[in-house]
Amino acid sequence: MLVAAQNVFISAGNTTRNLRRRLKRIRLLISGVTAPKKVSTMRILQLHSNFIVFKPVEKEIAVAEETNKEENRVEEVLVLFTAIEEGDDTALAQKAIDDVHAFLDKLKVNRILIYPFAHLSSNLSKPSEALKLIKVMEAYAKQKEIETYRAPFGWNKQFTISIKGHPLAEQSRFYASIEGGEEAKEETVSEAVRAEEKMKSFWYILQPDGKREAIEDFDFKGYENLGKFAKYEIAKVRASQQMPPHVPLMKRLEIADYEQGSDPGNIRWYPKGRLIKSLLEQFVTAKTIAYGAMEVETPVMYDFNHPSLADYLNRFPARQYLLKTEDKELFLRFAACFGQFLIVHDTQFSYKQMPLKVYELTRYSFRREKSGEVCGLRRLRAFTMPDCHAFCADLKQAKQEFKTRFNLSIDVLNGMGLSKDDYEVAIRFTEDFYEENRDFIADLVKIYGKPILAEVWKERFFYFRLKWDCNFIDNQDKAAALSTDQIDVENAKRYEITYVDEKGEKQYPLILHCSPSGAIERCMYALLEKAYKEQQKGKLPMLPLWLSPTQLRLIPMSDKYIEKVEEIAKEIAAHCIRVDIDDHASTLQKRIREAEMEWIPYVIVVGQRELESEVLSVRDREAHGKVQNMKLEELITKVASKLEGKPFKPLPLPLNLSKRPQFYG
RNA sequence: GCCUCGGUAGCUCAGCCUGGUAGAGCGGCUGCCUUGUAAGCAGCAGGCCGCGGGAUCAAAGCCCGCUCGAGGCUCCA
């Protein structure tokens with residue numbers, strides 16, 4: 001049971017975020033990576049504050065102290081949110097105050113507020129014990145001549161706090177006494193906190209000419225999109241209220257919709273959406289195979305207790321779909337890594353076959369993103385991810401391969417209709433990697449040819465040493481990662497993946513993880529958001545020709561021409577062009593309008609005139625609806641040439657519009 | 001997980017504040033019109049107003065609870 005529950009009202013700027021982040025970290029610690037089991041720890045969240053205002057609201061428990069319900073305000077104070085756990089004792093309480101005392105000297109402050117705060121622990125002591133120790137702390141602090149205030153114990157309190165901005169302002173501590181009551185000692189404040197130090201990012205802009213500038217010195221004029229991206233990455237500031245534009249679009253265009261009968265983030269695909277998605281899938285796959293990867297297919301579910309997997313899973317807890325069967329606990333894959341690593345673990349290969357490239361398009365990967373994170377096609381719980389791993393003998397080979405794959409990714413995005421102007425690149429590495437590989441990183445920037453955002457860490461925290469990602473910036477100024485590649489230095493060992501080197505000795509390879517396009521759904525989100533952007537600029541929105549479900553629409557002037565029009569359609573379709581016929585009995589104008597609403601690239605009206613002259617009037621959406629006259633063969637040649645090198649699938653719906661059901665609206 | 005908003009016809013939504021016969025546009029169906037490059041006309045059908053409880057003579061509407069969903073925050077390995 002909670003000793004006290006607070007309604008937290010926090011004022012002023014980023015204090016909310018700070019406190020939440022801090023609380024979250026504390027919970028992380030509590031969840032117990034570092035704290036040995038059965039060890040009691042006194043938990044203190046220590047915040048150097050400009051002020052705190054708190055007000056008791058109502059008694060929570062029987063042993064609550066007597067107090068009045070007046071509002072209290074303390075200025076320039078070190079607030080100690082304190083949770084007493086089972087087994088904590090006087091020695092521990094005094095030890096904590098000793099530490100605080102030392103810390104106060106550093107801060108040049110001599111005022112504390114002891115604030116009983118149950119939420120820091122899930123292993124609270126009995127309230128009576130806790131109150132006793134809180135009083136011990138208070139008395140001991142006063143004895144040390146610290147100006148000591150205290151919030152009442154056992155009350156539901158409401159508080160407002162303003163936290164100072166300096167680096168020492170927020171500290172979390174816990175004090176442990178090992179069972180049996182040996183000497184109290186300060187627990188190392190956990191790997192998570194140390195990890196956070198490692199994770200501290202420094203931001204730069206890398207220029208194609210090799211220059212590296214601190215982000216605050218860079219002039220974003222002419223690079224507004226990069227500016228938005230940097231802002232998003234660093235400050236995480238977003239002001240968006242509107243619905244993401246691609247969501248109504250995906251519905252209206254009958255591409256996809258939410259499936260209420262499933263879990264959020266699991267999407268239903270209508271025929272047109274399935275076609276687009278399928279074409280994108282074929283395209284990435286073809287490109288990746290052409291690059292030299294071997295396509296495989298692996299299971300979607302894995303044994304929770306498999307030793308290699310368990311280790312990996314523990315790093316990313318609680319993001320999986322779990323599956324209980326009679327004899328096993330399984331989880332749905334959240335990436336293709338497992339399946340491929342398990343294959344390569346059992347594969348015999350030597351330096352002669354390297355870099356060894358394995359590819360899979362996962363349909364699906366599953367991540368149980370928290371509710372509220374899921375959004376349209378941007379972020380799903382079930383998504384299609386092309387994933388290509390390259391197993392490299394050494395860093396030299398990895399770097400070479402890395403460049404090749406960067407080019408591949410740029411090429412894939414470009415083919416999909418996303419040019420370098422549509423996304424921004426970030427590159428992330430450790431300081432030492434940069435020092436040793438300056439030229440290499442400069443080469444990557446040169447390949448992209450535009451300034452790149454660089455995130456630099458002092459030490460390695462993640463499993464990779466180097467990573468880049470291409471990020472689409474949408475109409476809400478949010479960034480979403482598309483392609484990415486990383487140099488993984490940990491997983492070969494974890495999965496016991498080895499190759500044989502020139503001397504016949506087993507070695508661990510470096511593993512490159514690349515998604516040449518990013519999630520396919522996310523590519524569709526980017527294309528729709530891009531179309532919307534174009535529309536805002538006054539252009540007619542459309543999808544790339546090769547992805548348009550209907551590429552060419554024929555509109556017969558009246559039903560007496562339908563037969564002739566069907567012949568023309570047959571001729572066009574024979575050239576792998578998706579053509580359909582609007583045989584509805586509505587007016588020409590209305591049918592034109594409907595074709596435009598469907599973003600159809602070419603619309604052709606066929607009547608007496610066309611049939612007599614054999615010259616078609618072609619309405620070209622790309623040319624803002626301008627009507628051009630051309631012969632059928634010319635039209636076919638023109639369209640076919642634009643489709644060259646792209647995958648093709650036939651029309652996913654009946655040829656005649658009158659035969660089509662309406663999936664939405 | 002937190003905050004906010006929402007669930008009424010196939011779709012988009014109005015009505016709710018101020019309780020008393022359920023509304024519009026689009027779409028669908030039927031008929032007329034046979035069309036020259038972004039909405040032709042008319043008629044018809046279509047609703048357990050998310051679910052459960054309460055107060056009321058009376059609830060889509062007021063109160064309470066639940067549920068499902070969306071958007072934002074956080075998160076995004």
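A polar contact here is a pair of N or O atoms within 3.5 Å; within protein, one must be able to donate a hydrogen and the other to accept it, and residues adjacent in sequence count only if both atoms are side-chain atoms. I need that for Arg553.

**Ground rules.** I'm working on a predicted model, where local features need pLDDT of at least 70 and side-chain atom pairs count only at pLDDT 80 or more, while totals for chains, interfaces and linings use all residues. Residues are numbered from 1 along each chain as its sequence is written, chains are lettered from A and ligands numbered from 1 in the order written, and side-chain values use heavy atoms, with hydrogens and water left out.

**Arg553.** I found arginine 553 in strand β26, residues 552–556 (strands are DSSP runs of E, at least two residues; helices are runs of H or I, at least four; both are numbered from the N terminus). Arginine 553 has 0% relative accessibility, so I log it as buried (under 20% relative accessible area; exposed is over 50%, partly exposed in between; 1.4 Å probe, protein chains only). Its side chain makes a polar contact with the side chain of aspartate 580 at 2.9 Å, and another with that of glutamate 598 at 3.2 Å. Leaving out residues up to four places away in sequence, arginine 553 also touches, among others, Asp582, Tyr602 and Arg660 (contact: heavy atoms within 4.5 Å).

**The sheet.** I traced 10 strands in an open, mixed sheet, ordered β10-β9-β20-β19-β21-β22-β25-β18-β17-β13 (strands pair if DSSP finds at least two bridges between them). β10 (212–214) and β13 (294–295) are the edges; each has a single partner strand, so one side of each lacks a neighbour in the sheet. Strands β19 (423–430) and β20 (452–457) run parallel, joined by 5 bridges, with isoleucine 427 opposite alanine 454. Helix α12 (438–448) packs on the sheet, touching β9, β19, β20 and β21, and makes about 175° with β19 (axes are lines fitted to C-alpha atoms, for helices over the stretch in contact; angles run from 0 to 180 degrees between N-to-C directions).

**Rings.** I get 24 aromatic pairs (Phe, Tyr or Trp six-membered ring centres within 6.5 Å; planes under 30 degrees apart are stacked, over 60 edge-to-face, the rest tilted). Tyrosine 115 and phenylalanine 117 are edge-to-face, at 6.3 Å and 70°, and both are buried. Phenylalanine 218 and tyrosine 223 sit 5.8 Å apart, centre to centre, with planes at 45°, so I call that pair tilted.
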